[in-house]
Amino acid sequence: MASCKGNMVTVLSIDGGGIRGIIPGTMLAYLESKLQELDGPNARIADYFDIIAGTSTGGLVTTMLATPNKDNHRPLYAAQDINKFYLKQSPLIFPQNQINKSPTGPKYDGVYLKSIVQEILGDITIDQTLTDVVIPTFDIKTLQPIIFSTDDGKNHISKNALLSDICISTSAAPTYFPAHFFETKDKDGNTRPFNLIDGGVAANNPTLLAMTHISKQIFMGRFKFVDMKPMESDRIVNKSLNEAINIQTSDAHPDWA
């Protein structure tokens, strides 16, 4: 990422949709391949976007693109690896032989999703992402949307949560997965509890989230990418990957719909 400010701010927004994460995964793999033709094989999506915002499964994709690997300077996943993850893990995340048929409780227990996300992300926190990310959740105890971002993670200790907790929370779609509980500490050592579900419940438009995030940062004097005024939307380049489309899916995997 360049250290100097540019003339435009670039935003990537990725909607929710469960296993339909393969749709933005396909588009991002194609985009990254074209960028590599221009700038070499090491080019990654996170190098070209100042802000990546994602809701629900879009939050998972956002994290894949922006989480650093062990070298701490390249993304954990190349865009072409996103679909490999979905195609390999989806039968285990949505086990058709373990569906809860009771009228109460979620359809799936979410145990495998939680374990694989924690295994991959480990102790990485949101302030460590390679570019700024914005990921929404919803607190079912306070009945308030909770928006996690790299900027908040750097400026507010209680919002600097583990990326694994944020991913599990934003993908906890009601009726499909259970809510996710975790705690953080503030600067005084006080505990802050979170009882979170899918961010799409209250914030289903990641593009709007990104625009609001930019305006907030400008007003607070923390926007580091471009010198611009809050209403200068003509200086924002947004690529929105809306995967909530009507597609024909496999009968063997109803949760692909």
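Which residue stands opposite D139 in β6? The tour reaches that residue after some conventions. The model is predicted, so local features need pLDDT of at least 70 and side-chain atom pairs count only at pLDDT 80 or more, while totals for chains, interfaces and linings use all residues. Residues are numbered from 1 along each chain as its sequence is written, and side-chain values use heavy atoms, with hydrogens and water left out.

Select residues 132-139, strand β3, together with residues 191-198, strand β6. Strands here are DSSP runs of E of at least two residues, and helices are runs of H or I of at least four, numbered from the N terminus. β3 and β6 run antiparallel, joined by 3 bridges; strands pair if DSSP finds at least two bridges between them. The residue opposite D139 is L196.

K185 has T191 of β6 as its bridge partner. In the hairpin, 5 residues lie between the strands, and G189 takes a positive phi near 85°.

Next, select L60, T63, M64, L76, Y77, F85, V117, I120, L121 and C167, which line the largest cavity. A cavity is a set of points on a 1 Å grid over the protein atoms alone where a 1.4 Å probe fits but cannot get out, and lining residues have an atom within 4 Å of a point. The count is 1 cavity of 30 Å³ or more. The largest holds about 100 Å³, a volume being the space filled by probe spheres set on the points, which are joined across faces, edges and corners. Helices α2 (57-66) and α4 (111-121) each supply at least two lining residues.

How values were computed:
1 Å grid on protein atoms, 1.4 Å probe; cavity = no way out; pocket = protein on both sides within 12 Å on 5 of 7 lines; lining within 4 Å.
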